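Biologist: I have not worked with this structure before. Could you take me through it step by step?

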Amino acid sequence: MNWASIQRMDRRIIYAALIVVLSFPLFKPVGIPLVGAEITRKAFDFIDQLPQGAVVVFSTDTGVASQGEQYPQASVLFEQVTRREDIKLILITFWEQGTIYFTDLQKANPVLQTRTYGEQWVDLGYVPGAESAMAAVGDDFHKVLTTDARGNAISSLPLMADVLTAKDVDLLITISAGTPGVPEFQRQWNARHGTPMVAAVLSQFATIYMPYVNSGQLVGLLGGLRAAAEYEQYLGLAGTAGRAMDALSLSHVMVILFVGLANVAHFMQRRKAQ
Amino acid sequence: MKGRELAFVICLFVGVTVGLSGYISTPIINSISSELLSWGVVLGAFALTLGLLNSIRIHGGRIARRHGTPGDRVFSAVLLGMMAIATVVGLAKGTTSDQYQFIYKTFLTPLDGTIFALIAFFIASAAWRAFIARNSDAAILLVTATIVMLGRAPIGELITRALPEATAWIMDIPNMAAQRGIIIGAALGSIALGLRILLGIERSYLGRG
């Protein structure tokens, strides 16, 4: 076998193989069973056990680039908090593209239309200013935000009458793709006001934020699309994340096979040279 | 007082006041700190406007003065055109309107999604080129990556329960230790940089001159 030519293989062959492997299970699901991770379960259990009338801030600090991985995460978390009618929901974002998630979530799950705006939920929209804005909002909602996303005065919203600082928030959920995101919220809300946090992050950032879960700074973590698929199982949903899991599995196997082949070619070439 | 000195005094005042509010809780410090943080939100909004004007200046200048290749000028024109359309539609119809959503869904989402999705192809190609066990360090990296990749995907559990268990151990022990070291190191670096700025040793943020 010509191992040298394998080592010099055109990368477009890898690209083509990856397209096939990613596309195939989307059309014909394989149905590989999925076992839930503990850090995802912690998030689910914490939200499930929130006290009656809890105030939840739902912050979509992400953009459309990461929608493929983070919209399913936002969708399952939104589904869980809106299943309980007693939970008071505050939508906010510190990313300019974050508001697009609110629109999509409400279109896909129009449950909020049946709830009283201002009493059961509010939309505070986009707040510019990154970490200093997070700190300012956490210190005093009413001082920084005079109106909500619809132009109503914050002081006129009954829900906000009891929410003055981040101390009054029972849970912060952040769908985070970068900065400002998890560390900034941890510094400005969790450390200063003791606000419990659940974060949903891209899979490549999951390893970075795992120490936050072990230290108790995060009560739970959703890492990547896999966590969204696990969450769909907990909620009894058949969503997009679950369907994508087969593609994830097969693509990982494909990359490992290619890496194995590259190593065999490398050692055969080296043996030949010796 | 010259501009640079004034900027340094403002930085010192803001840094010390906001920093103190984290350690000392007195009404006056809390009040000033809260006010300064609110100004941060206003400055953030100004920064967006500044970014918009800067983009118009750079790309408008490129088109007017015929800088760069013809392709560059086309891209600049597309950028300015889309910016104008999004601004007009956003101001006229609102950012939650169907028209504004159409712009997002039709142009921005597929473009951003495509660029982000390309990472999968680059990772696959890079793994093929780089994950070669040329020495013992590379071999450790290769074995660890293989275990974690399989353990993090549902197929790992199907192959053997040992794979997700080994992945959990790698994530909880060596990864956690390394990540904690990085986080603590970065935090100490931030404190050191903050002190350098407050003491006037680090002044690069003031620009040249």
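Modeller: One term is needed at the start: a residue is buried if 20 or more other C-beta atoms lie within 10 Å of its own, exposed if 12 or fewer, and partly exposed in between, with C-beta atoms placed from the backbone. This is a predicted model, in which local features need pLDDT of at least 70, side-chain atom pairs count only at pLDDT 80 or more, and totals for chains, interfaces and linings use all residues. Residues are numbered from 1 along each chain as its sequence is written, while chains are lettered from A and ligands numbered from 1 in the order in which they are written.

Biologist: Is A130(A) buried or exposed?

Modeller: A130(A) counts as buried because 20 C-beta neighbours lie inside 10 Å. A130(A) lies in helix α6 of chain A, and its phi is near 50 degrees, a positive value in a residue other than glycine. Helices (H or I, at least four residues) and strands (E, at least two) are DSSP runs, numbered from the N terminus.

Biologist: How many helices and strands does chain A have?

Modeller: Chain A has 12 helices and 6 strands. Its C-alpha atoms fill a box of roughly 80 × 35 × 30 Å along the principal axes. Of the 274 residues of chain A, 50% count as buried.

Biologist: How do α12(A) and α4(B) lie to each other? What is the angle?

Modeller: The axes of α12 (residues 240-273) of chain A and α4(B) come within 8 Å and cross at roughly 25 degrees. Axes are lines fitted to C-alpha atoms, for helices over the stretch in contact, and angles run from 0 to 180 degrees between N-to-C directions. The two helices are therefore roughly parallel, a term for angles under 35 degrees.

Biologist: Which residues make that contact?

Modeller: From α12(A) come V255(A), F258(A), V259(A) and A262(A), and from α4(B) come A124(B), A127(B) and W128(B). By class, this contact has 7 nonpolar, no polar and no charged residues.

Biologist: And α2(B): what span should it have?

Modeller: At 1.5 Å a residue, the 38 residues of α2(B) should span 56 Å, and its end C-alpha atoms are 55 Å apart, which agrees. The expected span is 1.5 Å times one less than the number of residues. Among the buried residues of α2(B) are S33(B), L37(B) and H59(B).

Biologist: What follows α2(B)?

Modeller: R66(B) follows α2(B), in the loop between α2 and α3 of chain B. R66(B) has a positive phi of about 55 degrees although it is not a glycine. With 9 other C-beta atoms within 10 Å, R66(B) is exposed.

Notes. Parallel < 35°, antiparallel > 145°, perpendicular 65-115°, else oblique. Contact = placed C-beta atoms within 7 Å. Nonpolar A, V, L, I, M, F, W, Y, C, P; charged D, E, K, R; others polar.
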